[in-house]
Amino acid sequence: MKSFIKEKGPYILAFSILLVYLSPNIFFSDQAQFLIHDNLDSNVVWYKNIAESPDLFEDNSKKLDFTMNGLERGVFVSEYSFLVWLYYFFSPLMAYQLNIILQCLVAFFGMYLFSKNYILTKDRGEFSYGQVLIALSFALLPFWPSGGIGVAGIPLLMYVLLNVYHSKSNAYHWLWIVFYPFYSSLFFSGLFVVTLLFLFFVVKMIRDRKINFKIIFAFFLVTVLYVFVEYRMFMIILGEGYDTAKVSPKVYNFNGLIGNGLRTLVKGQYHFHTVAFPFVIMVVAMAAFVANKAMKRKIIVLLLVNYGLAVMSTIMYWDKLAVPNSIKSFQFRWISFSPFLWYWLYSLGIREWLLKKNAWAKAGYAMLGLNVLLMLFVVGNPHFYGSLYAENAFYNTYFSKENKETATFKQYYKIDEFKKINKLIPTKTKVVCLGVAPEVAQYNGYYTLGGYYPLYLKEHNNLMLAMLGEENDELKIKNMGSRCYMTCVDLKKKNQEIIEPKFDFKKIKEEGYAYFFSDREIVSSNLEKLEEIEGEVLVYRLL
């Protein structure tokens with residue numbers, strides 16, 4: 001029995017914790033609370049829309065009517081994305097849950113294999129708990145759902161590429177290399193992850209004084225597959241041209257650049273949570289003092305690279321660089337590599353602690369256990385962690401139900417209420433949303449004037465501004481930004497009622513919009529309230 005516990009104990013512990021952590025996704029999906037920001041309010045509906053669209057394989061220029069008065073097919077996710085096919089074969093809720101579960105499992109097995117085979121490599125199982133707890137800490141990071149395995153899959157990709165480099169690869173390793181581009185986004189993470197890993201292996205080849213053609217072919221294969229998967233975006237960028245309305249981020253001075261880099265180094269970015277503080281940083285810092293010269297050098301180099309990634313992610317917005325707005329509008333997400341880099345450092349640090357044995361080893365295991373608890377109970381707590389935008393259904397479902405940045409699918413998409421609306425107004429009807437996120441209406445089958453999308457033509461922006469009519473004389477909006485939502489003065493002031501909005505109702509009607517969905521009363525001679533619908537969504541007919 002003792003030998004069984006010693007041998008299997010780490011894995012039983014890991015899978016028990018993973019089962020608890022994923023229990024909202026597996027057992028209580030209807031009650032599970034999910035992140036709204038950049039998630040329920042946008043990406044989930046994008047995948048649902050495109051997966052259910054008859055225009056899935058249409059040309060880039062094809063207008064899809066369900067959002068922004070007809071948005072071009074080319075700016076939506078490629079039909080070769082694995083996420084699209086999850087939404088194609090399963091309901092949106094089921095697809096979402098499966099994605100979260102896959103992210104977590106891929107992260108766990110990837111970090112476990114990487115640490116076991118290339119960091120905590122001592123034989124006879126002395127490091128088994130260390131390997132499992134490091135993998136568990138990484139797997140419990142709140143990965144952004146629509147990023148797929150772009151970040152969660154980096155450790156497994158690194159492990160596979162190292163095997164290729166050392167001529168230890170098999171067919172399964174090459175299968176993973178092929179699969180990675182299909183289940184990640186080139187522009188969200190893939191471009192930066194692959195570039196950094198390629199540079200790592202270039203340095204390795206220089207140090208080994210040998211060209212490794214297998215690893216070069218592996219990167220060539222990944223690059224070709226990314227171009228294949230993301231062909232629509234390449235056509236837009238390189239061939240067709242696209243006069244986008246995207247707004248460039250704010251500009252930093254030198255102090256802002258350095259300070260933001262330090263903050264990002266420790267906390268990550270809300271799409272790329274690192275949760276480095278306090279235990280990961282503590283372990284790495286103390287290990288750097290007690291390690292030998294070679295290990296100290298490695299830790300310092302990785303820390304400097306990590307900080308460099310944080311700075312490089314915003315350096316295009318440095319006020320001293322004369323960078324065209326077209327380039328500034330593209331986000332350089334070097335920070336996407338940072339979560340893995342921190343846990344690579346963490347593995348190295350823990351290795352130094354465990355090698356010391358005695359009190360150091362006991363303290364190392366204590367740090368590992370405390371970090372796992374931190375991941376479970378603190379990541380979703382904005383008062384401690386400082387971020388509202390972490391997708392942690394475990395914490396938000398069981399401990400933070402009042403968090404306004406999370407909701408169940410049923411709550412956010414107002415499914416019961418829209419069942420009543422569906423009986424009154426046919427789906428595929430064109431509607432204007434005022435105070436109601438257009439994606440909520442889209443989820444329930446309606447076509448909306450506004451929408452949330454980071455890349456769209458200026459003509460959509462200009463049409464929305466024209467429809468605002470005299471309301472914009474006071475609002476003075478020039479660019480709607482990614483959230484291209486219909487708005488007005490009373491809505492901006494958060495008044496309980498919207499009284500006689502000065503929209504260009506004639507133009508709205510000319511574009512085929514017959515109804516308004518609002519989250520508050522509208523008093524207008526141009527609109528007739530449909531009394532049959534009551535609740536959070538009020539429905540008005542355009543006269």
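User: Hi! Which side chains meet lysine 63 and glutamate 459 in a salt bridge, and at what N to O distance?
Analyst: The side chains of lysine 63 and glutamate 459 pair with each other in a salt bridge, at 3.6 Å from N to O. A salt bridge here is a side-chain nitrogen of Lys or Arg within 4 Å of a carboxyl oxygen of Asp or Glu.

User: What does that pair tie together?
Analyst: Lysine 63 is in strand β2 (residues 63-64) and glutamate 459 is in helix α24 (residues 458-468), so the pair ties together parts that are 396 residues apart in sequence. Helices (H or I, at least four residues) and strands (E, at least two) are DSSP runs, numbered from the N terminus.

User: How many salt bridges are there by this rule?
Analyst: The count comes to twelve.

User: What should I know about the model itself?
Analyst: This is a predicted model, where local features need pLDDT of at least 70 and side-chain atom pairs count only at pLDDT 80 or more, while totals for chains, interfaces and linings use all residues. Residues are numbered from 1 along each chain as its sequence is written, and side-chain values use heavy atoms, leaving out hydrogens and water.

User: New topic: at what angle do the axes of α14 and α15 cross?
Analyst: Roughly 145°, with the axes of α14 (residues 279-290) and α15 (residues 293-312) coming within 8 Å. Axes are lines fitted to C-alpha atoms, for helices over the stretch in contact, and angles run from 0 to 180 degrees between N-to-C directions.

User: Which residues make the contact?
Analyst: From α14 they are Val284, Ala287, Ala288 and Phe289, and from α15 Lys296, Ile299 and Leu303. Contact means heavy atoms within 4.5 Å.

User: Last one: what makes up the nonpolar surface patch?
Analyst: Leu19, Ile26, Phe27, Phe28, Leu370, Leu373, Phe377, Tyr398 and Phe399 make a patch of about 840 Å². Patches are made of residues with over 30% relative accessible area and no salt bridge, with like charges joined within 9 Å and nonpolar side chains (Val, Leu, Ile, Met, Phe, Trp, Tyr) within 5 Å. Accessible areas come from the Shrake-Rupley method with a 1.4 Å probe, and for residues only the protein chains shown count as cover.
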